[in-house]
Amino acid sequence: MAGRKERRSRWKIFLFNPKIEPMAGAEASATKEEQKKVKNELQEAWDYVSKTYFPGWNRRDKWKARRRWNLAPSGLCDRRKKLILIQSLNPGAPGMHEFNLTVALLIHEICHVGAFGHERKWQRLMMEKSRIADKNKEPKLAQYLRWEVEKYKETPAVTAQMIYSRIEDCVNYDAVGIKFGDLMKSIAREYGMTVKEFRKRYKKCLAVYRKAIEWNREEERLKKEFMGVRR
Ligand SMILES: [Zn+2]
(Lines give C-alpha, C1' and ligand atoms only; values in the text may rest on other atoms or scores of the structure.)
Protein backbone atom coordinates (compact mmCIF):
# COMPACT_ATOMS: atom_id res chain seq x y z
CA MET A 1 0.00 0.00 0.00
CA ALA A 2 2.73 2.43 0.99
CA GLY A 3 4.53 1.72 -2.26
CA ARG A 4 1.48 2.57 -4.28
CA LYS A 5 0.89 5.82 -2.43
CA GLU A 6 4.50 6.81 -2.91
CA ARG A 7 4.32 6.19 -6.62
CA ARG A 8 1.27 8.34 -6.83
CA SER A 9 2.99 11.37 -5.39
CA ARG A 10 5.81 10.97 -7.88
CA TRP A 11 3.40 11.07 -10.78
CA LYS A 12 1.62 14.30 -10.91
CA ILE A 13 1.34 14.39 -14.67
CA PHE A 14 -1.81 16.14 -15.74
CA LEU A 15 -4.33 13.59 -16.90
CA PHE A 16 -5.92 14.68 -20.10
CA ASN A 17 -9.59 13.87 -20.01
CA PRO A 18 -10.73 13.12 -23.54
CA LYS A 19 -14.21 14.30 -22.64
CA ILE A 20 -13.10 17.80 -21.73
CA GLU A 21 -10.96 18.83 -24.63
CA PRO A 22 -9.19 22.12 -24.00
CA MET A 23 -9.85 24.76 -26.64
CA ALA A 24 -13.09 23.06 -27.63
CA GLY A 25 -15.42 25.62 -29.11
CA ALA A 26 -12.58 27.97 -30.02
CA GLU A 27 -13.07 27.11 -33.65
CA ALA A 28 -16.65 28.23 -33.54
CA SER A 29 -15.69 31.56 -32.07
CA ALA A 30 -12.97 32.23 -34.66
CA THR A 31 -14.14 34.13 -37.69
CA LYS A 32 -13.60 32.72 -41.19
CA GLU A 33 -10.98 35.38 -41.70
CA GLU A 34 -9.08 34.35 -38.57
CA GLN A 35 -9.24 30.68 -39.52
CA LYS A 36 -7.88 31.46 -42.95
CA LYS A 37 -5.04 33.51 -41.52
CA VAL A 38 -4.04 30.69 -39.17
CA LYS A 39 -4.18 28.19 -42.03
CA ASN A 40 -2.03 30.32 -44.31
CA GLU A 41 0.47 30.93 -41.60
CA LEU A 42 0.80 27.20 -40.96
CA GLN A 43 1.32 26.51 -44.64
CA GLU A 44 3.95 29.21 -44.82
CA ALA A 45 5.77 27.82 -41.77
CA TRP A 46 5.47 24.27 -43.13
CA ASP A 47 6.99 25.23 -46.48
CA TYR A 48 9.78 27.10 -44.77
CA VAL A 49 10.61 24.29 -42.33
CA SER A 50 10.49 21.61 -45.03
CA LYS A 51 12.77 23.56 -47.34
CA THR A 52 15.23 24.89 -44.79
CA TYR A 53 15.39 22.29 -42.04
CA PHE A 54 14.41 19.04 -43.73
CA PRO A 55 15.41 19.46 -47.37
CA GLY A 56 14.34 16.56 -49.54
CA TRP A 57 12.46 14.89 -46.74
CA ASN A 58 8.92 15.34 -48.01
CA ARG A 59 9.55 15.54 -51.72
CA ARG A 60 6.37 13.69 -52.65
CA ASP A 61 4.23 15.71 -50.29
CA LYS A 62 3.00 12.61 -48.48
CA TRP A 63 3.16 14.38 -45.15
CA LYS A 64 0.85 17.26 -44.35
CA ALA A 65 0.45 19.68 -41.48
CA ARG A 66 -2.88 20.62 -39.92
CA ARG A 67 -4.04 22.89 -37.16
CA ARG A 68 -6.23 21.33 -34.50
CA TRP A 69 -8.27 23.58 -32.31
CA ASN A 70 -8.84 20.87 -29.74
CA LEU A 71 -5.38 19.33 -29.52
CA ALA A 72 -4.19 18.81 -25.96
CA PRO A 73 -0.41 18.69 -26.54
CA SER A 74 1.08 21.54 -28.55
CA GLY A 75 1.95 19.16 -31.35
CA LEU A 76 1.48 15.57 -32.43
CA CYS A 77 3.15 13.41 -35.05
CA ASP A 78 0.69 10.89 -36.50
CA ARG A 79 2.78 8.51 -38.55
CA ARG A 80 -0.12 6.37 -39.63
CA LYS A 81 -1.94 9.25 -41.29
CA LYS A 82 1.31 11.06 -42.13
CA LEU A 83 0.02 14.15 -40.40
CA ILE A 84 1.73 16.70 -38.21
CA LEU A 85 -0.86 18.30 -35.96
CA ILE A 86 -0.22 21.64 -34.36
CA GLN A 87 -2.33 23.17 -31.61
CA SER A 88 -3.99 26.37 -32.68
CA LEU A 89 -3.67 28.49 -29.59
CA ASN A 90 -0.08 28.42 -28.56
CA PRO A 91 0.81 29.31 -25.02
CA GLY A 92 3.53 31.51 -26.48
CA ALA A 93 7.19 31.43 -25.66
CA PRO A 94 8.97 34.54 -24.46
CA GLY A 95 10.54 36.54 -27.25
CA MET A 96 9.09 34.47 -30.03
CA HIS A 97 6.67 35.55 -32.66
CA GLU A 98 3.74 33.20 -33.31
CA PHE A 99 5.17 32.23 -36.70
CA ASN A 100 8.49 31.35 -35.12
CA LEU A 101 6.81 29.24 -32.50
CA THR A 102 4.95 27.35 -35.21
CA VAL A 103 8.28 26.78 -36.94
CA ALA A 104 9.77 25.44 -33.70
CA LEU A 105 6.79 23.15 -33.08
CA LEU A 106 6.96 21.81 -36.61
CA ILE A 107 10.66 21.04 -36.24
CA HIS A 108 9.96 19.28 -32.94
CA GLU A 109 7.25 17.12 -34.52
CA ILE A 110 9.06 16.34 -37.76
CA CYS A 111 11.97 15.07 -35.66
CA HIS A 112 9.49 12.53 -34.28
CA VAL A 113 9.01 11.05 -37.73
CA GLY A 114 12.33 9.31 -37.23
CA ALA A 115 12.27 9.02 -33.45
CA PHE A 116 9.64 7.94 -30.96
CA GLY A 117 9.58 9.85 -27.70
CA HIS A 118 12.13 12.44 -26.61
CA GLU A 119 15.07 10.20 -26.10
CA ARG A 120 18.57 10.30 -27.54
CA LYS A 121 17.71 9.93 -31.18
CA TRP A 122 15.19 12.75 -31.09
CA GLN A 123 17.56 14.93 -29.06
CA ARG A 124 20.31 14.38 -31.61
CA LEU A 125 18.02 15.42 -34.46
CA MET A 126 16.90 18.52 -32.58
CA MET A 127 20.50 19.52 -31.91
CA GLU A 128 21.25 19.07 -35.59
CA LYS A 129 18.41 21.45 -36.43
CA SER A 130 19.56 23.97 -33.83
CA ARG A 131 22.92 24.12 -35.60
CA ILE A 132 21.14 24.83 -38.88
CA ALA A 133 19.25 27.62 -37.12
CA ASP A 134 22.59 29.05 -35.96
CA LYS A 135 23.84 29.03 -39.52
CA ASN A 136 20.62 30.66 -40.72
CA LYS A 137 21.08 33.46 -38.20
CA GLU A 138 18.01 32.49 -36.24
CA PRO A 139 19.55 32.57 -32.75
CA LYS A 140 16.22 32.60 -30.91
CA LEU A 141 15.03 29.51 -32.72
CA ALA A 142 18.38 27.77 -32.15
CA GLN A 143 18.16 28.63 -28.48
CA TYR A 144 14.59 27.40 -28.24
CA LEU A 145 15.41 24.05 -29.86
CA ARG A 146 18.33 23.56 -27.48
CA TRP A 147 16.15 24.52 -24.55
CA GLU A 148 13.66 21.81 -25.57
CA VAL A 149 16.43 19.23 -25.65
CA GLU A 150 17.61 20.33 -22.19
CA LYS A 151 14.07 20.07 -20.88
CA TYR A 152 13.77 16.46 -22.00
CA LYS A 153 17.25 15.57 -20.84
CA GLU A 154 16.12 16.31 -17.33
CA THR A 155 13.06 14.12 -17.45
CA PRO A 156 13.91 10.43 -17.11
CA ALA A 157 13.54 8.26 -20.20
CA VAL A 158 10.09 6.73 -20.37
CA THR A 159 10.12 3.07 -19.46
CA ALA A 160 7.38 0.49 -19.78
CA GLN A 161 7.32 0.21 -16.00
CA MET A 162 6.57 3.94 -15.74
CA ILE A 163 3.69 3.59 -18.16
CA TYR A 164 2.21 0.62 -16.33
CA SER A 165 2.50 2.38 -12.96
CA ARG A 166 0.74 5.33 -14.48
CA ILE A 167 -2.12 3.08 -15.60
CA GLU A 168 -2.41 1.61 -12.09
CA ASP A 169 -2.45 5.07 -10.54
CA CYS A 170 -5.15 6.26 -12.89
CA VAL A 171 -7.34 3.26 -12.16
CA ASN A 172 -6.75 3.50 -8.40
CA TYR A 173 -6.74 7.24 -7.76
CA ASP A 174 -6.56 9.77 -10.55
CA ALA A 175 -9.31 8.58 -12.82
CA VAL A 176 -11.30 5.91 -11.00
CA GLY A 177 -13.90 4.34 -13.28
CA ILE A 178 -12.26 5.50 -16.50
CA LYS A 179 -12.86 3.24 -19.50
CA PHE A 180 -9.84 1.53 -21.00
CA GLY A 181 -10.22 3.24 -24.38
CA ASP A 182 -10.41 6.70 -22.80
CA LEU A 183 -7.43 5.96 -20.60
CA MET A 184 -5.32 4.88 -23.58
CA LYS A 185 -6.29 8.00 -25.52
CA SER A 186 -5.36 10.15 -22.58
CA ILE A 187 -2.01 8.58 -21.72
CA ALA A 188 -0.92 8.19 -25.34
CA ARG A 189 -1.48 11.91 -25.82
CA GLU A 190 0.51 12.72 -22.71
CA TYR A 191 3.45 11.03 -24.35
CA GLY A 192 2.77 12.49 -27.78
CA MET A 193 1.83 9.23 -29.47
CA THR A 194 -1.24 7.93 -31.21
CA VAL A 195 -3.12 5.15 -29.41
CA LYS A 196 -2.03 2.64 -32.04
CA GLU A 197 1.65 3.49 -31.67
CA PHE A 198 1.30 3.48 -27.92
CA ARG A 199 -0.35 0.06 -27.70
CA LYS A 200 2.22 -1.38 -30.08
CA ARG A 201 5.04 -0.13 -27.93
CA TYR A 202 3.52 -0.96 -24.54
CA LYS A 203 1.87 -4.30 -25.03
CA LYS A 204 0.75 -5.04 -21.47
CA CYS A 205 -1.57 -2.05 -21.01
CA LEU A 206 -4.81 -4.01 -21.08
CA ALA A 207 -3.49 -6.71 -18.73
CA VAL A 208 -2.24 -4.06 -16.30
CA TYR A 209 -5.54 -2.18 -16.48
CA ARG A 210 -7.57 -5.35 -15.78
CA LYS A 211 -5.33 -6.36 -12.92
CA ALA A 212 -5.58 -2.91 -11.34
CA ILE A 213 -9.36 -3.10 -11.50
CA GLU A 214 -9.28 -6.55 -9.96
CA TRP A 215 -7.08 -5.22 -7.17
CA ASN A 216 -9.52 -2.41 -6.56
CA ARG A 217 -12.42 -4.84 -6.28
CA GLU A 218 -10.48 -7.10 -3.97
CA GLU A 219 -9.60 -4.16 -1.76
CA GLU A 220 -13.24 -3.12 -1.55
CA ARG A 221 -14.27 -6.67 -0.73
CA LEU A 222 -11.67 -6.99 2.03
CA LYS A 223 -12.66 -3.64 3.51
CA LYS A 224 -16.27 -4.74 3.70
CA GLU A 225 -15.23 -7.99 5.31
CA PHE A 226 -13.25 -6.15 7.98
CA MET A 227 -16.14 -3.83 8.68
CA GLY A 228 -18.37 -6.87 9.02
CA VAL A 229 -16.03 -8.34 11.63
CA ARG A 230 -16.09 -5.19 13.69
CA ARG A 231 -19.84 -5.38 14.00
ZN1 LIG B 1 7.52 15.56 -28.78
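The crossing of α3 and α4 is right-handed, a crossing being right-handed if the near helix is turned clockwise from the far one by less than a right angle and left-handed if anticlockwise. The model is a predicted one, in which local features need pLDDT of at least 70 and side-chain atom pairs count only at pLDDT 80 or more, while totals for chains, interfaces and linings use all residues. Residues are numbered from 1 along each chain as its sequence is written.

**Overall make-up**

- The chain holds 10 helices and 3 strands, where helices (H or I, at least four residues) and strands (E, at least two) are DSSP runs numbered from the N terminus.
- Read from the N terminus, the elements follow the order α-α-α-β-β-β-α-α-α-α-α-α-α.
- Of the 231 residues of the chain, 23% count as buried; a residue is buried if 20 or more other C-beta atoms, placed from the backbone, lie within 10 Å of its own, exposed if 12 or fewer do, and partly exposed in between.
- Among the contacts in the chain with a separation of 6 or more, 61% are between residues 24 or more positions apart, two residues being in contact if their C-beta atoms, placed from the backbone, lie within 7 Å.

**Helix α3 against helix α4**

- Two packed helices are described by the angle between their axes and the distance between the axes.
- For α3 and α4 the angle is about 55° and the axes are 9 Å apart, with axes taken as lines fitted to C-alpha atoms, for helices over the stretch in contact, and angles running from 0 to 180 degrees between N-to-C directions.
- That angle makes α3 oblique to α4, since angles under 35 degrees count as roughly parallel, over 145 as roughly antiparallel, 65 to 115 as roughly perpendicular and the rest as oblique.
- On the α3 side the contact is made by Glu41, Leu42, Ala45, Trp46, Tyr48, Val49 and Tyr53, and on the α4 side by Phe99, Thr102, Val103, Leu106, Ile107 and Ile110.
- By class, the residues of the contact of α3 with α4 divide into 11 nonpolar, 1 polar and 1 charged, where Ala, Val, Leu, Ile, Met, Phe, Trp, Tyr, Cys and Pro count as nonpolar, Asp, Glu, Lys and Arg as charged, and the others, Gly among them, as polar.

**The sheet and the helices on it**

- The 3 strands form an open sheet in the order β1-β3-β2, with mixed pairing, two strands being paired if DSSP finds at least two bridges between them.
- β1 (64-68) and β2 (75-78) stand at the edges, each with a single partner strand, so one side of each is left without a neighbour in the sheet.
- From one strand to the next, the twist averages 20°.
- β1 and β3 run parallel and are joined by 5 bridges, and Arg68 stands opposite Gln87 in β3.
- β2 and β3 (residues 83-87) pair in the antiparallel sense over 4 bridges; Asp78 stands opposite Leu83 in β3, and Cys77 stands opposite Ile84 in β3.
- Helix α3 (residues 32-53) packs on the sheet and touches β1 and β3, its direction making about 145° with that of β1.
- Helix α4 (residues 98-111) also packs on the sheet, where it touches β1, β2 and β3, and its direction makes about 140° with that of β3.
- β3 is mostly covered, with 4 of its 5 residues buried.

**Residues with positive phi**

- Most residues other than glycine have a negative phi.
- Asp61, in the loop between α3 and β1, has a positive phi near 60°, and Asp61 is exposed, with 8 other C-beta atoms within 10 Å.
- β2 and β3 form a hairpin with 4 residues between them, and Lys82 in the turn has a positive phi of about 55°.
- With 13 C-beta neighbours inside 10 Å, Lys82 counts as partly exposed.

**Helix α5 against helix α6**

- Helix α5 (residues 120-135) and helix α6 (residues 139-154) pack at an angle of about 160°, with their axes 8 Å apart.
- That angle makes α5 roughly antiparallel to α6, and the crossing of α5 and α6 is left-handed.
- The residues in contact include Met126, Met127 and Ala133 of α5 and Leu141, Leu145 and Val149 of α6.
- By class, the contact of α5 with α6 has 8 nonpolar, 2 polar and 5 charged residues.
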